[in-house]
Amino acid sequence: MSMVVAIAVLIVFVGSFIFYAVYLTWFPPPPGPPPLLPEAPDFVLIAVFLLLCLIIAIVAALRLAERILAPLNSVAEGARRIAAGDLTARASPGDRSLGETAHLVDDFNAMAQRLEDTAEAMVSWNATVAHELRTPLTILRGRIQGLTDGLFEPTDELFGTLLWQIESLSRLVDDLRIVTLSDSRRLEMRFVLTDVEQDVREVVDVMRPRLVGAGFSVEMNTRPIVLACDSVRLRQALLALLENARRYATPGRLQVLMRVDSDGLVVTVEDQGPGLSPDFAPHAFDAFSRAEVSRSRQLGGSGLGLSVVRAIAESHNGRAAYKASATGGSIFEIILPLNGVTDAAPSRSMQP
């Protein structure tokens, strides 16, 4: 708009000299003193020039208004379509020489794309949740119906199976709750000063019989560190990493390490393989992600364990990370900020 005004002023300034020169050429002044007011031919010529300039100004204004209003009208139409439920609506930037309107259209299209992706993810999420809940519910219904019809004997083993399915269902619901609350930034945390080393050792001691039974030898290298964190959630995250290793890692040495570096307090679980493929590794912490779907279902995985780890780490203002080890195994890390950390003693190591 500033450029348009500057050009208009320049046209008026230069045009006045051109008009004066043309006027004197076509209508030379009569001899004698100049008249006080323009004569009739002068008024006619001035009116013709004004009319031509007005036509040019109207055409230029309409073209400029069209360039400005076309993308704005496209954004308005797109907004109406999205409000009506059509998330595929997009705005057209038109002439991109007007930078501000082009940026507005680009931002609007980016927002619309994100809304569409969110809606598609929600549909996929709901379908996956329904599928994951259906499996244990179907098993429970079949067993209970069999008991009711007298097809199954009410043995301790059967009741143990039913109880295990109920626990699996409860764990799945709790994992879904944590991931959902974390995505909406509503996961409540109770931060208290906690001896992280003690929590790590207690979780490992709880999991050790199952890990040893699966063929793992657990090694620990920890250090006494007091950190302001949610002890219950941190235990849950470490338990999920150990359970993930028990299900999918190759039996062998399993290392649980603690260290402090520039990133903060790092709790690491390292196995000896087989590791994650380069294509799947960036999505390892996504909800319901599985490197091998059939194998995961055979081993009872829901695809939520690592997403719970990430949710808990991020709720501590930290992060969860994965990298391949030098031996081809997996290294999963929970990285927590050092706010409120007290290093109580040098590191200690222990192995069975």
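Which helix holds the place of Thr-101? I looked it up in the predicted model. Thr-101 sits in helix α3, which covers residues 99-148.

**Thr-101**

Then I checked what Thr-101 touches, leaving aside neighbours within four places in sequence. Thr-101 is in contact with Ile-68, Pro-71 and Leu-72.

**Strands β6 and β7**

I moved on to a strand pair. Strand β6 spans residues 319-324, and strand β7 spans residues 330-336. In which sense do β6 and β7 pair, parallel or antiparallel? They pair in the antiparallel sense, over 6 bridges. I picked out Tyr-322 and looked for its bridge partner in β7. That partner is Phe-332.

I also looked at the link between the strands. β6 and β7 form a hairpin, with 5 residues between them. Gly-328 lies in the turn. I noted its phi, which is positive at about 90°.

**Whole protein**

Last, I took down the overall figures. I count 8 helices and 9 strands in the protein. How much of the protein is buried? Of its 352 residues, 35% are buried.

For contacts, I took those between residues at least 6 apart in sequence. Of these, 71% join residues at least 24 apart.

The accessible surface of the protein is about 21,600 Å². Carbon and sulfur atoms account for 63% of that surface.

Definitions and conventions
Residues are numbered from 1 along each chain as its sequence is written. This is a predicted model: local features need pLDDT of at least 70, side-chain atom pairs count only at pLDDT 80 or more; totals for chains, interfaces and linings use all residues. Side-chain values use heavy atoms; hydrogens and water are left out. Helices (H or I, at least four residues) and strands (E, at least two) are DSSP runs, numbered from the N terminus. Buried means under 20% relative accessible area, exposed over 50%, partly exposed in between (1.4 Å probe, protein chains only). Contact means heavy atoms within 4.5 Å. Accessible areas come from the Shrake-Rupley method with a 1.4 Å probe; for residues, only the protein chains shown count as cover. Two strands pair if DSSP finds at least two bridges between them.
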